[in-house]
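Please have the model open as you read.

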Amino acid sequence: MLSNYLGEFLALALVHFLAVVAPGPDFAVTIRQSVRFGRMTGVCTALGIGAGISVHVLYTLLGVGALMHATPWLLSAAKLLGGTYILYLGISLLRSKAKTSLPGEAPTDEPQQTLLRAFTTGFLTNATNPKATLFFLAIFTTLVSATTPLSIQALYGAWMCLVNALWFVIVALFFSSSRVRLLFMRLGHWFERCMGLILLLFAGRLLLSL
């Protein structure tokens, strides 16, 4: 049965992968968490991003995505919520200060980032991103046949969650390596401010589209 949907799956997987590797809020937040707090925090953030995809998959399968697309004010509300959260992240990064601790230690000017908080940050970054709503709505209505069983579509969603998590785990592992973290020791706060500016641009573009 699965072989009957191989072509559809490959097309979906390719488009999704290209969207995942393109820099965006998820990428910026994963790098920030990894450089600032270390490997485990970065990995937990990546896992949170992967879990966040499940929210978009779930409401798409339930038909809520199509409802939002057909009801402009619901889509606008989703954009406002996502844009506000990304704006908050951007402002937080713009306020970053110079690091005074060694790699792997918590900076003295901010609390230790718990693994649960890291996971939640990654989850909310992805789950509240309205562009992900539009993306899932687009690919599930154009690449996935209406006759494809719900169970197969659920497998597609599980695959995308896994790919998202694995990709950002790789990003986290790279940017949390000792060599890379040492490189960012002195200029890390400027890097975070650049990441914050990128997030502000994403949020501004999103909110202006309302």
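A residue counts as buried when its relative accessible area is under 20%. Cysteine 161, at a relative accessible area of 16%, is therefore buried. Cysteine 44 is buried too, because its relative accessible area is 11%. The structure holds zero disulfides. Do keep in mind that this is a predicted model.

**The overall picture**

Of the 210 residues in the protein, 47% are buried. Take the contacts between residues at least 6 apart in sequence: 87% of them join residues at least 24 apart.

**Helix H3 and its two partners**

Two packed helices are described by the angle between their axes and the distance between the axes. Here are those values for H3 (residues 39-61).

| Helix pair | Axes come within | Crossing angle |
|---|---|---|
| H3 and H6 (residues 115-127) | 6 Å | roughly 40° |
| H3 and H8 (residues 150-175) | 8 Å | roughly 160° |

With axes that cross at roughly 40°, H3 is oblique to H6. The crossing of H3 and H6 is right-handed. On the H3 side, the residues that make this contact include Met40, Thr41, Cys44, Gly48 and His56, while Leu115, Ala118, Phe119 and Phe123 are among those of H6. Sorted by type, the residues of the contact of H3 with H6 are twelve nonpolar, seven polar and no charged.

What about H8? Angles over 145 degrees count as roughly antiparallel, and H3 and H8 are therefore roughly antiparallel to each other. The crossing of H3 and H8 is right-handed. H3 brings residues including Arg39, Val43, Ala46, Gly50 and Leu61 to this contact, and H8 brings, among them, Gly157, Met160, Cys161, Phe168 and Leu173. Here the residues divide into 16 nonpolar, six polar and one charged.

**A closer look at one threonine**

Is threonine 41 buried or exposed? Threonine 41 counts as buried, because its relative accessibility is 4%. This residue lies in helix H3. Leaving aside residues up to four places away in sequence, threonine 41 touches Gln33, Gln113, Leu115 and Ala118.

Technical notes: Residues are numbered from 1 along each chain as its sequence is written. This is a predicted model: local features need pLDDT of at least 70, side-chain atom pairs count only at pLDDT 80 or more; totals for chains, interfaces and linings use all residues. Side-chain values use heavy atoms; hydrogens and water are left out. Axes are lines fitted to C-alpha atoms, for helices over the stretch in contact, and angles run from 0 to 180 degrees between N-to-C directions. Helices (H or I, at least four residues) and strands (E, at least two) are DSSP runs, numbered from the N terminus. Angles under 35 degrees count as roughly parallel, over 145 as roughly antiparallel, 65 to 115 as roughly perpendicular and the rest as oblique. A crossing is left-handed if the near helix is turned anticlockwise from the far one by less than a right angle, and right-handed if clockwise. Contact means heavy atoms within 4.5 Å. Ala, Val, Leu, Ile, Met, Phe, Trp, Tyr, Cys and Pro count as nonpolar, Asp, Glu, Lys and Arg as charged, and the others, Gly among them, as polar. A disulfide is a pair of cysteine sulfur atoms within 2.5 Å. Buried means under 20% relative accessible area, exposed over 50%, partly exposed in between (1.4 Å probe, protein chains only).
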